[in-house]
Amino acid sequence: MTKPTVVIALGGNALLRRGEPLEADIQRRNVLLASRQIAALTESWNVVLVHGNGPQVGLLALQNNAYPQVAPYPLDVLGAESQGMIGYLLLQELKNCLPKQQVSALLTQVEVDPDDSAFGNPSKYIGPVYDQKSALTLSLEKGWTIKPDGKYFRRVVPSPKPLNIIETDAINTLIAQGHLVICAGGGGIPVLRREGRLEGIEAVIDKDLSAAFLAEQIKADALLILTDADAVYLGWGTPQQRALDKVTPDDLAGITFDAGSMGPKISAASHFVRYAQGIAGIGALQDATRILAGEKGTLITPTL
């Protein structure tokens, strides 16, 4: 029997947790834990893996600025670097967990609209967290846009919507050959078309929106968004907060969630369920094998 296909969106913060040092060994340890969960999912699902890159691309940008003798590399190039770095770590550990499984990491470009309103309202968190004083100093020194992220502050950059995944045919070919595909890392390398040619653009695409877009393109059966929250909550951070277990897109419509964290996840998952008629789960990495079964996290279905 052919297994159904799931697109997994693995948050960059699941690979480098909030407040942890931005070190390679720490990321390797977290990648190992993530790979074990993803490997377990392959027993029941064909897996296509999209990973985030918020902390990592922010680190690359900081390293980039540390050498003033050359102009800083643009965010699309740094996004490609993060795809290579994180893709390598995931590919290696997944092969260690699944020695008989073909695993491929694919550099992936995602086309965006240069007139997207996101370019005028940066909202995508990248890099480490800072206290308010440090964040203000960096904002003045480097010209960054800074926004609150919980009790901390982080740099934000434009996050346009995905319009087209350039390598969709290659992804479909790999899936058909039985590969576990790692693709569209960091939401994809942001590109635009100018007079028929592809060019990079300064942005970081939201990986959850790209994962949902990809899931629709390849006609996946499910979308699984793994993050550092164990479910979607109403009244998050208040004494009245309440986890949602099973809901429909209509249940979530009209509820406002944080635009810098849970908002894009809800939007991506609801859109996929509504238009692809699949199922979508949101929850913690350690619960990965139980979320789509409705046993943990939040499960979004077309109807209850």
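In the predicted model, the count of aromatic pairs comes to 1. The pair is formed by Tyr-233 and Trp-236, whose ring centres lie 5.2 Å apart and whose planes meet at 55°, so the arrangement is classed as tilted; an angle over 60 degrees would be needed for edge-to-face, and one under 30 degrees for stacked. The two partners differ in their accessibility class. Tyr-233 has a relative accessibility of 17% and counts as buried because the limit for that class is under 20%. Trp-236, with a relative accessible area of 62%, is exposed.

The sheet was examined next. An open sheet is built from 8 strands, arranged in the order β3-β9-β2-β1-β12-β16-β17-β15, with mixed pairing. The edge positions are taken by β3 (103–105) and β15 (246–247); each has a single partner strand, so one side of each is left without a neighbour in the sheet. Helix α2 (residues 24–41) packs on this sheet. The strands touched by α2 are β1 (5–10), β2 (46–51), β9 (180–182) and β12, and the direction of the helix makes about 170° with that of β1.

One of the residues involved is Ala-222, for which the bridge partner in β16 is Ile-279.

A further strand pairing involves β5 (residues 124–130). Of the 7 residues of β5, 6 are buried, so the strand is largely enclosed by the rest of the structure. Strand β7 (residues 152–157) pairs with β5 in the antiparallel sense, over 4 bridges. In this pairing, Ile-126 stands opposite Arg-155 of β7.

Helix packing was considered for α7 and α9. The axes of helix α7 (residues 207–217) and helix α9 (residues 262–276) come within 8 Å and cross at roughly 10°, which means that α7 is roughly parallel to α9. On the α7 side, the contact consists of Lys-207, Asp-208, Leu-209, Ala-212, Ala-215 and Glu-216. These residues meet Pro-264, Lys-265, Ser-267, Ala-268, His-271, Phe-272, Tyr-275 and Ala-276 in α9. By residue class, the contact of α7 with α9 divides into 8 nonpolar, 2 polar and 4 charged residues.

How values were computed
Residues numbered from 1 in each chain as written. Predicted model: local features only at pLDDT ≥ 70, side-chain atom pairs only at ≥ 80, totals over all residues. Heavy atoms only, no water. Axes fitted to C-alpha atoms, helices over the stretch in contact; angles between N-to-C directions. Helix = DSSP H or I, 4+ residues; strand = E, 2+ residues; numbered from the N terminus. Parallel < 35°, antiparallel > 145°, perpendicular 65-115°, else oblique. Contact = heavy atoms within 4.5 Å. Nonpolar A, V, L, I, M, F, W, Y, C, P; charged D, E, K, R; others polar. Pairing = 2+ DSSP bridges. Phe/Tyr/Trp six-rings, centres within 6.5 Å; stacked < 30°, edge-to-face > 60°. Buried < 20%, exposed > 50% of the residue type's maximum accessible area, 1.4 Å probe, protein only.
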